[in-house]
Amino acid sequence: MFFKYIRSRKPAKQPVGPLDDRDTKGALKDDKVIAEKLNGFFASVFTAEDVREIPRPELAFVGDKSEELSRIEVSREEVLELIDKLNINKSPGPDGIHPRVLKELKCEVAELLTKVCNLSFKSKVVHRKLFPDSHLFKRWGADLTEEQQTTAQDLFTKYGYNVYLSDRLPLDRPIPDTRYPRCMKKYPHDLPTLSVVLIFFNEAMSIILRAITSIINRTPSHLLKEIVLVDDYSSNEDLKGYLDEQIKNYNAKHPGLLKIVRHQKREGLTQARISGWEASTADVVAILDAHIEVNVGWAEPILSRIKEDRTVIISPVFDNVHFDDFELLEYAVSADGFDWALWCLYEPLPKEWYALKDETAPIRSPSIMGILAAHRVFLGEIGVLDGGMHIYGGENVELGLRVWQCGGQIEVLPCARVAHLERAHKPYMLDLSIAMRRNALRVAEVWMDDYKYMVYFAWNLPIENPGIDYGDVSSRKELRKKLNCKSFDWYIKNVYPNLIPLTTVVVYGTMKNTLNENICVDQGPVPGNTPIMYDCHAYSSQHVFYLSTEEMYIGGLRSRQNAVDRCLTDPGTGDLPFIEQCNEAVKKGLNMHWDFKQGSSVMNKKTKRCLEIVMDNLSSPYRLVMQNCTGQKWNVQHTVKDWGKRSRTNSVR
Ligand SMILES: [Mn+2]
């Protein structure tokens, strides 16, 4: 996305002045000339209307400040490039720049100019950087005293975002309206009522209060029935008595608006969402994190869509609030999907949606991410959420599959926008993949039928006795039966054709030579095409798949249409094996077919050479080579018993 690109570009390092008034030694000639230039530039780019909304940089030139100017850290390229964009696209129109993006750009230019001016013309006290390696201070906090830095860093470590700044920002701060212009249409007055659930665990107080404030200010009061806070047994003191007081204050102004549910022990994200759903009473329930700010007009599109169809589960579009400076980064509208490990990911928008030529139209989505809105009773009918999920991960995919397979639909609504604060780190858990893996198996066992094999492949687990306790799934299986839900095969063919199964896997996992079982075949450096032997760690770079079609994949598993597997090939000359993208290998007619059985050699069908390991001399490690077969034996970690062998012709794509 254009705006994202601008933001993420790294500024050039060299200190430079804003415009062209630099002499050969790099010092600026004349402050007054620059002041005039800046003023002139500002007047040429910013309209009177802009000036009302965008603060004009303070151009106060006093005395000779050229020395300070030479130390300006804002890059000239950055300013010039932005100016360039503005000039090219000055007039908004059908082929020009989107008016909202234009305004964002102008804001950036104004901000940069202000920085230039402040850095140049005000005497600056430089504080020692106490935490040069902290993510918090990468782009923020240059003017903080040492004491302030310490306070801010402590809060950052505790919460994973900039609580020091949050505590100083107004609760009702404005955020940019990121909707498409056509979203600003009128919605009917008569819509279903709304309960908003905010779940939290040890969230910072100012964050929760800002979420509440945004909901009250940006939801029509006749539609907002209540806000239900769910505390998943926080330990922070301020979230007890002080929060209760705050709730009383709100309710004094808005009688009965705020409720709080407090868990008596830590029950996890999913159970917190279920508790919020149980406590709500309006027609529609929106279940959100507490580290959000809803944007203007967020509720009306949701409520009118659910009024049309009670079986639609809705995801608003997220924008990202930076964890450090709390600025809003607009995210592109996209659908929600997942890979075979069941990690959520963004999917491109379906062609059918573009064909509608209506940017306000709902987007059919295979899955959902975290934040959702639904008809309260319908959500209950299809089983709310799986309360057996632990901590984090998998619960969204579970909901996605269940909704589609059991007669509902999931849609992303481009006009409903919610700004979500992404933590730099999640203080409550170090390795999310442990809970994720367990929850993924739960989803696989209940909803995915034989396609569950793909989840076991992706996590490199044996299908029988994976050694992971995913809890009791019998009540979820009963629910699936009771609701008469469709198969995963139906789902993948009708809802998510972009997710690609691989039904021809014979063996998978790490691959070891019997000469030394401490080292594994590894895809080697990427980018690069030479597989190597490396100490076994069993991460995806060491995942090998041998297929009944006699191909051998190395390094992870393809999940989606646009990702490509990497195939082992024998170039036929030299002593090194070569990895090529499988579709390329087919096109080029490379030697990509292998004879292999567990405990035997890996021999290329065409060249008759073998994949083997050699030690060039006693002090060197083993190398992976192609050579005349000497009878070396290989084993791959796991064997597939039956999947695909029954109905291969049906599901192979
Ligand atoms: Mn969140």
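# Reading strands, core and confidence

Author: Leu345, in strand 9, is the bridge partner of Gly337. Strands (E, at least two residues) and helices (H or I, at least four residues) are DSSP runs numbered from the N terminus. The model is predicted: local features need pLDDT of at least 70 and side-chain atom pairs pLDDT 80 or more, whereas totals for chains, interfaces and linings use all residues. Residues are numbered from 1 along each chain as its sequence is written.

Reader: How many bridges join strand 8 to strand 9, and in which direction do the strands run?

Author: Two strands pair if DSSP finds at least two bridges between them. Here, four bridges join strand 8 to strand 9 (residues 344-347), and the two run antiparallel. They form a hairpin with five residues between them, and Leu342 in the turn has a positive phi of about 70 degrees.

Reader: Which residues of strand 8 point one way, and which the other way?

Author: In a regular strand the side chains alternate between the two faces of the sheet. In strand 8 (residues 335-338), Ala335 and Gly337 point one way, while Asp336 and Phe338 point the other way.

Reader: What are the bridge partners of strand 16?

Author: Strand 16 is joined to strand 13 (residues 505-513) by four bridges and to strand 17 (residues 552-554) by three; both pairings are antiparallel. Val505 stands opposite Leu547 of strand 16, and Tyr546 has Met552 in strand 17 as its bridge partner. The hairpin of strand 16 and strand 17 has four residues between the strands, and Glu550 takes a positive phi near 70 degrees. From strand 16 (residues 544-547), Val544 and Tyr546 point one way and Phe545 and Leu547 the other way, all of them buried.

Reader: How many residues has the largest nonpolar core, and where does this core lie?

Author: A nonpolar core is a set of buried Ala, Val, Leu, Ile, Met, Phe, Trp, Tyr and Cys residues joined through C-beta atoms within 7 Å. The largest has 137 residues, and those with the most contacts inside it include Val197, Ile302 and Val544. Strand 12 (residues 409-421) gives the most to this core, with eight residues. Domain 2 (181-421) and domain 3 (505-651) both contribute residues, so the core lies between them; the bounds come from an automatic or database domain assignment.

Reader: What do the buried residues of helix 12 pack against?

Author: The buried residues of helix 12 (residues 299-308) are Ala299, Glu300, Pro301, Ile302, Leu303 and Ile306. They pack against strand 1 (194-200), strand 4 (284-289), strand 6 (312-321), strand 11 (372-375) and strand 12.

Reader: Is Asn217 buried or partly exposed?

Author: Asn217, in helix 9 (residues 205-218), counts as partly exposed because it has 14 C-beta neighbours inside 10 Å.

Reader: What is the mean pLDDT of the chain?

Author: pLDDT is the predictor's confidence in each residue, from 0 to 100. Its mean over the chain is 85, and 80% of the residues reach 70 or more. Over residues 1-30 the pLDDT is below 50, although this stretch has 46 contacts in the model beyond near neighbours in sequence. Where pLDDT is low, the predicted coordinates should not be read in detail.

Notes. Buried ≥ 20, exposed ≤ 12 C-beta atoms within 10 Å, placed from the backbone. Contact = placed C-beta atoms within 7 Å.
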